[in-house]
Amino acid sequence: MTSRTKRTIWSVLAVVIVAIVGFAVYYFTSIYNQLDNLHKEGANSPFKNVKQVDQVRTPEPPKWEGTDMVNILLMGVDGRGIQKGEVPRSDSMMVVSLDPVKKKIHLFSILRDTYVDIPGYGKNRINTAITHGPNTAMKTAGDLLGIPVQYYVYTDFQGFIKLVDAVGGIDFEVEKDMHYTSNADKHQYDIDLKKGMQHLDGNTALQYVRFRHDAMSDFSRSGRQRAFLEAVAQKMQTTTSIANLPNILEQVNPFIDTNLSVNDMWKLANVGYQSNFAGSEQVPPMKMLGEENVGGAAVLTVRDPEELKTYVQDIFNNPPAQTQEQNKDQNETKQPDSASSTKKDKASFTGGSKISNEDASTQSTTKTGQKEL
């Protein structure tokens, strides 16, 4: 090999190395900038008009010594029909719990009509907590589950649509035909899905997670939301999504607010990468639910708040055998059960609990007269 040939090879290698380094700098700088902008302040904050946001004290973030459980409240809101600057009620509330010791991730979906004590504001449905600010919402959710909630992530319909579209859509098994029309929304949020494997884009995915017009209403919807969120998380872990992460973050950034710092996010990502999904649960579970009529509207109550807290701790420490079996089935299929029978739908979306006809009838009455979602 001549010296000229060697110089040519080294020149090509140098160009390749510079290109790789340049891309890496661009990639990580873009990610850092987008993550840093997820926390909105001042006029950009969705809570800019909320008074007394900081009067509710929330748990301090963990010291990241690898032993403290991290709990994050995920809130999706429906901003239709609200005044500018007004904070809408949360359409969905979930808590993601990461255990860095056991390397486990748990997902809890909270029924939005659960009637609880809102710190500083009396008793109300839990979906109203966010209207008083994210600290109030975190404290309320934490008090219900009996765990400290240190972080929140807040988005709306558009943020959800943008995320699903940014990852290229999700291949998903729709378990049954779903149809609903609404003249009030000028058919902007009509639902029309067919049973079977579908490639859901942002709009059709929103239809799927919003649908509740069956015997179990919000109970089945919360199960769909957990299942779909798991599918999105799996899609985010693909090589294509990781390579496209700067663009994904750019698409969803305007619609998200969080109190997570960039440093928190990096550490959470590291914990999440090393962890396994341990399962998802509805809170409160069916067996602990009651019903009351407040102000002419039906609400869901927790029969024994302390028993619910024990139930959550039992899931962390020793998941029920039935839940373990469900997780095994989910890991094998990676999609929710596509059974068309009502009985199987109920079992799929309520932690496998048997529900009597009386229970189903009771739960179908919990349509509180709020705006249809």
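Leaving aside neighbours within four places in sequence, which residues is Lys287 in contact with? The partners are Arg303 and Tyr311, where contact means heavy atoms within 4.5 Å. Bear in mind that this is a predicted model: local features need pLDDT of at least 70, side-chain atom pairs count only at pLDDT 80 or more, and totals for chains, interfaces and linings use all residues. Residues are numbered from 1 along each chain as its sequence is written, and side-chain values use heavy atoms, with hydrogens and water left out.

**The chain overall**

- The protein chain comes out at 12 helices and 14 strands; helices (H or I, at least four residues) and strands (E, at least two) are DSSP runs, numbered from the N terminus.
- Of its 373 residues, 48% are buried, meaning under 20% relative accessible area, while exposed is over 50% and partly exposed is in between (1.4 Å probe, protein chains only).
- Take the contacts between residues at least 6 apart in sequence: 70% of them join residues at least 24 apart.
- The accessible surface is about 18,800 Å², and carbon and sulfur atoms hold 52% of that; the areas come from the Shrake-Rupley method with a 1.4 Å probe, and for residues only the protein chains shown count as cover.

**The six-stranded sheet**

- Six strands make an open sheet with mixed pairing, in the order E11-E6-E1-E2-E3-E12; two strands pair if DSSP finds at least two bridges between them.
- At the edges sit E11 (256-258) and E12 (276-283), each pairing on one side only.
- From one strand to the next, the twist averages 20°; angles run from 0 to 180 degrees between N-to-C directions, and axes are lines fitted to C-alpha atoms, for helices over the stretch in contact.
- Inside the sheet, E1 (residues 70-77) and E6 (residues 151-156) pair in the parallel sense over six bridges, and Val77 has Asp156 in E6 as its bridge partner.
- Helix H3 lies across E1, E2 (90-99) and E6, running at about 90° to E6.
- Helix H5 (residues 218-236) also packs on the sheet, where it touches E1, E2, E3 (104-110) and E12, and its direction makes about 165° with that of E12.

**A closer look at H3**

- Asp156 turns up again at the start of H3: one of its side-chain oxygens reaches to within 3.1 Å of the backbone nitrogen of Gln158.
- The buried residues of H3 (residues 157-166) are Phe157, Gly159, Ile161, Val164 and Ala166.
- After the helix comes Gly168, with a positive phi near 85°.

**The E7-E10 pair**

- Strand E7 (residues 170-174) is largely enclosed by the rest of the structure, because four of its five residues are buried.
- E7 pairs with E10 (residues 196-200) in the antiparallel sense over five bridges, and Glu173 stands opposite Met197 in E10.

**Two crossing helices**

- The axes of H2 (residues 134-145) and H9 (residues 305-317) come within 7 Å and cross at roughly 85°.
- That makes H2 and H9 roughly perpendicular to each other, a label for angles of 65 to 115 degrees; under 35 counts as roughly parallel, over 145 as roughly antiparallel, and the rest as oblique.
- Where they meet, Asp143, Leu144 and Leu145 in H2 face Leu308, Lys309 and Val312 in H9 in contact.

- Most residues other than glycine have a negative phi, and most peptide bonds are trans.
- Lys103, in the loop between E2 and E3, has a positive phi near 55° and is partly exposed at 29% relative accessible area.
- Val283 and Pro284 are joined by a cis peptide bond, with omega about -10°; Pro284 is in the loop between E12 and E13.
- Lys287 is in the loop between E12 and E13 (289-294) too, and is exposed, with a relative accessible area of 59%.
- Lys287 and Val302 are 15 residues apart in sequence and 9.5 Å apart in space, C-alpha to C-alpha.

**Two more residues to check**

- Ser241 sits in helix H6 (residues 239-243) and counts as buried at 3% relative accessibility.
- Beyond neighbours within four places in sequence, Ser241 is in contact with Val167, Lys235, Met236 and Ile248.
- Asp36 belongs to helix H1 (residues 3-36) and is partly exposed at 43%.
- Between Asp36 and Asn263 there are 227 residues in sequence but 9.3 Å in space, C-alpha to C-alpha.

Terms used
A polar contact is a pair of N or O atoms within 3.5 Å; within protein, one must be able to donate a hydrogen and the other to accept it, and residues adjacent in sequence count only if both atoms are side-chain atoms.
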